[in-house]
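Please open the structure in your viewer and keep a selection tool at hand. The tour below goes from stop to stop, saying at each one what to select and what is found there.

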Amino acid sequence: MKRNTFHRLLQPDQCRQERSKNLIETRRDIRDQNLCKQRKNISQQLRLIPDLVSDLFSKDPKILLATLVQLRRHLCVEVPPITEVIDAGVLTRLIQLTANTSHHLMQYEAAWIILNILSGTSEQTLIVVQHGVVPVLIQLLDSASADVREQAAWALANIAGDTGELRDFVIQNGALPALLKQSRHPRVEVVQNVAWAMINCCRGSPPVAFETVSPILPELLRFLDHPDVAITTDAIWGLNYLTVLNASAVIETEACSKIIHLIDVSPTDRKEGFEFLRVLSDRKGHLSEISSAAIRWFKDLEKPPFVTTRAHFLILQILGGNEDQIASMFNADLCSAIDIESANAARQEWSLVILNKILQATTGCKDHSPHILQVLHSHLPSLVRCLDVTNNTGLLSAIFDRILIDYQDLFLQHINIKDLPTMEALLAMSPYTVALSGFLQKQIFLIA
């Protein structure tokens, strides 16, 4: 009896289930303990707020500063008591302390508290704005303290990024000239927040008038040369937003070549750069330059996978465009980017996708016939040879359907139907494509 029990307890599945159950119970206990601590901390904070409110009106600078620090700490938690602080009626007093230029540390703490309140809901942000904080924050951008400038720019960015109405209100109060003035500040953190505030002034719904935010364009171009990655990233997003507002104004700048250079040299994923090139190419800007870069990135085997992947999607995006966009791809030697027999399965699939997209995009278009013939001359033999080594039957069937409908003579010119391995590969593929099945039946009849 004891022996049987002992062996039963050692069953692997049962032991695994017991461990899993114990682990779940342990995690649940830890979570409940943390929630209890959190509720206790919140309740303690709420009890302290009335005392902090009264101390905010103290005439003793030391008590006042200590109170600001304590209130700021209460708001720097996972679930800050923003509503309770607003309901305590301290916003007017906090804005007064933020405008106090005689005590920069006190000014900094008050601005930080306001920033934390602005990180709440749209309704809470609107309440702060209605108390007159925006003009004060704009004035703080000229503060002698870099810390205060940083907080002010961050707060303005939060407000402008909340809704289109608040964005317009920030702009109408003269924020843009003040932000532009700080865009060359020697402290990186200040410039980061200034750049973020700028791009928040360019986005949102309803769209802002381009003429209103056009002074930002030269600064965003200059930010592209900044050594800080966060600043260049925000600059590219800003240029994206401006391109949507007025593509021709951005196309006339050197933004495209600068962003291509950033993608070339950056060790990180510049998804915002590819998004800019996609938006720009969609508006027929710098097509030749963008097409050449996309093909170069796609062909470069030493590029990180994320560059190759994004370059692939950029190629497909341009091929899905109009005649000029498709022509820009062919002129940039798109044919050389297709590698159907690649040992890399992903690259092989991408090549098939590009070939299928080319055939889709140029169906019935005589202007691109020379380019299509070049592609098929180069890749038809590879296409047949890869039948035995790829599982992309869906793509291949679509490709063969299009080729055999529009370019059957060219197919016969490059493919030896009498070659047994070739015929076997085509026969294996024929159930997936009606055009190939009919074509082979006809050829077998002629051979017989």
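Predicted model: local features only at pLDDT ≥ 70, side-chain atom pairs only at ≥ 80, totals over all residues.

**Stop 1: α6 and α9**

Begin by selecting residues 104–118, which form helix α6, together with residues 146–160, which form helix α9; the axes of these two helices come within 9 Å and cross at roughly 20°. Since an angle under 35 degrees counts as roughly parallel, α6 and α9 are therefore roughly parallel to each other, and their crossing is left-handed. To see the contact itself, show the side chains of His104, Gln107, Tyr108, Ala111, Trp112, Leu115 and Leu118 on α6, and then those of Asp147, Val148, Gln151, Trp154, Ala155, Asn158 and Ile159 on α9. If you colour the residues of this contact by class, they divide into 9 nonpolar, 4 polar and 1 charged.

**Stop 2**

Next, select proline 206, which is placed in the loop between α12 (188–200) and α13 (210–213).

**Stop 3**

Move on to residues 271–282, helix α18, and residues 287–299, helix α19, whose axes come within 10 Å and cross at roughly 140°. With that angle, α18 and α19 are therefore oblique to each other, and the crossing is left-handed. The contact is made by Phe274, Leu277, Leu280 and Ser281 of α18 and by Leu287, Ile290 and Trp297 of α19; by class, this contact has 6 nonpolar residues, 1 polar residue and no charged residues.

The phi angle of lysine 284 is near 65°, a positive value in a residue other than glycine, and for comparison, most residues other than glycine have a negative phi.

**Stop 3: α20 and α22**

Now select residues 305–319, helix α20, and residues 345–361, helix α22, which pack at an angle of about 10° with their axes 10 Å apart. That angle makes α20 roughly parallel to α22. On the α20 side, the contact is made by Thr308, Thr309, His312, Ile315, Leu316 and Leu319, and on the α22 side by Arg347, Trp350, Val353, Ile354, Lys357, Ile358 and Ala361. Taken by class, the residues of the contact of α20 with α22 divide into 8 nonpolar, 3 polar and 2 charged.

**Stop 4: the cavity**

To find the place, select Leu359, Thr362, Thr363, Arg402, Asp406 and Tyr407, which line the largest cavity. By class, this lining has 2 nonpolar, 2 polar and 2 charged residues.

Technical notes. Residues numbered from 1 in each chain as written. Heavy atoms only, no water. 1 Å grid on protein atoms, 1.4 Å probe; cavity = no way out; pocket = protein on both sides within 12 Å on 5 of 7 lines; lining within 4 Å. Nonpolar A, V, L, I, M, F, W, Y, C, P; charged D, E, K, R; others polar. Axes fitted to C-alpha atoms, helices over the stretch in contact; angles between N-to-C directions. Helix = DSSP H or I, 4+ residues; strand = E, 2+ residues; numbered from the N terminus. Parallel < 35°, antiparallel > 145°, perpendicular 65-115°, else oblique. Left-handed = near helix turned anticlockwise from the far one by under 90°. Contact = heavy atoms within 4.5 Å.
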